[in-house]
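Here is a short briefing on charged pairs and nonpolar cores. Keep the structure in view as you read.

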Amino acid sequence: MSLQVVLQQRITSAQVLLQRAELLVPGVEGHQKLCSKLRAELRFLRRVEAGELQVRESHLHSTNLTHLTAIVESAASLEDVVALLHVFTYLDAVGHRQTLVVDVVANGGHTWVKAVGRKAEALHNIWQGRGQYGDKSIISQAGDFLQASRQQEVHYRPPHIVFAFYNGVSCPMAQRLKDMDIAVRGDIVAVNSVTLEEEEEEEEEEEPPTEDNEKEEEPAEGKEEEPVDDNDEVEKRPAEDGEEELTRVDRGTVVARLAFPAQVKVEECRRVNLDITTLITYVSSLSHGRCHLSFREPVLTEQAAQERQLPVLPRLDDFLRGKQLFACRAAVRDFQLILDTLGGAGEKERARVLLARLQQVDDQPSERSLILTPSAKVNRRSLLIFGTGDSLRAVTMTANSRFVRAAANQGVRYSVFIHQPRALTEGKEWRATPI
């Protein structure tokens, strides 16, 4: 096949992939980054087409397009995608700060996907110590994913890791990943033993680099370079896992084909910590059918309109079903003060029933909560409430998204369930106008 034909095929593939990517999970974190990478790939191919760059045919097969295709396919196969090409920071085994690029974060954050576009042959050779200088084994990368995931818990559980192979993976490598508790997706292919003569012949054959080892993308003008993916890390290493017998991939023998499940089942956290905003929302007259009113206060009228459009209690009840409910004493004390001042008779009765359902605990903020710097958005009361939920390893239910964002900006990410707020309105209904 001529260079020109291959080039046109790659340009067409890049155009189609970019169109798919633009329609895929728009607005999700990293969506524009993925589209930008595809546009950069398309620009590179068009420069080759225009004669501005001279490349060999092997270079066209080894562009980043293979890896980007794998990312798009992965994102299209999963539900509740929350981020693409997300960079996580973690500490390695010796305490050094490292970064890890996760291609797709799905299932509300509970699933991390590494999309692998390299051929099974290349991956297997690298694993057995026959790769090129600068190659890093998938098994070694899996160890990095495990290390990072243990430090990035979602609702107090490390994310489930999936390695998706779009050009196959050898059977022994797939088994090694499964032993490490890494889920494998894609075609699992058999391997055959390699004789000494065959090994020497393979070493004489120069295999062109593939995927993002071949060509580093040029960063856009005025934009900082992004952290390098694990595939770019230089590492010269021997064969892993005590593999003494050299083997070669038998692509013609597919042992299994593993597709993505529609949704990865995750064990839910069974503890819920209620914030003051949630306690108020739960007993508010607005939340109990008294929302067809126009109040003198614009914020209450707005909340009433939101409640008519999307009632808040069904969503809260669905999340709380079958779970243990907690509230710290700081939350209950201040809730009671607000209730005594503004609450109506119905709201006070509902509060009595609600407080009887939950377990009150002492204020005991976690150590990481105590290192937060106080500010207008990070006050002591919120520190006590969210910090106690953190100590309980409970999901804090709240409408206080400002505190959650402010804490995250300081590096402390809480496990939260965020909902719309509702105020106490029963005492103000007498001067409201029915709608």
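Glutamate 52 and arginine 47 join their side chains in a salt bridge, at 3.4 Å from N to O. The model is a predicted one. Salt bridges number 15 in this structure. Side chains with opposite charges can pair when their charged atoms come close.

**Salt bridges and exposure**

- Glutamate 52 has a relative accessible area of 55%, so this residue is exposed.
- Arginine 321 is exposed, because its relative accessible area is 54% and the cut-off for exposed is over 50%.
- Arg333, Asp334 and Arg381 belong to one network, joined by salt bridges that share partners.

- The side chains of arginine 393 and glutamate 153 meet in a salt bridge, at 3.4 Å from N to O.
- These two residues are 240 residues apart, and their pair links distant parts of the chain.
- Arginine 393 lies in the loop between helix H15 (380–392) and strand E11 (395–398).
- Glutamate 153 lies in the loop between helix H6 (138–149) and strand E4 (160–170).
- Arginine 393 is partly exposed at 42% relative accessible area, and glutamate 153 is partly exposed at 38%.

**Nonpolar cores**

- The largest nonpolar core holds 47 residues.
- Among the residues with the most contacts inside this core are Leu320, Phe335 and Tyr414.
- A second, separate core has 34 residues, including Leu7, Leu65, Ala70 and Val101.
- Tyrosine 414 touches residues including Arg368, Leu372, Phe386 and Phe403, with residues up to four places away in sequence not counted.

How values were computed:
Residues numbered from 1 in each chain as written. Predicted model: local features only at pLDDT ≥ 70, side-chain atom pairs only at ≥ 80, totals over all residues. Heavy atoms only, no water. Core = buried A, V, L, I, M, F, W, Y, C linked by side-chain atoms within 4.5 Å. Buried < 20%, exposed > 50% of the residue type's maximum accessible area, 1.4 Å probe, protein only. Contact = heavy atoms within 4.5 Å. Salt bridge = Lys/Arg side-chain N within 4 Å of Asp/Glu carboxyl O. Helix = DSSP H or I, 4+ residues; strand = E, 2+ residues; numbered from the N terminus.
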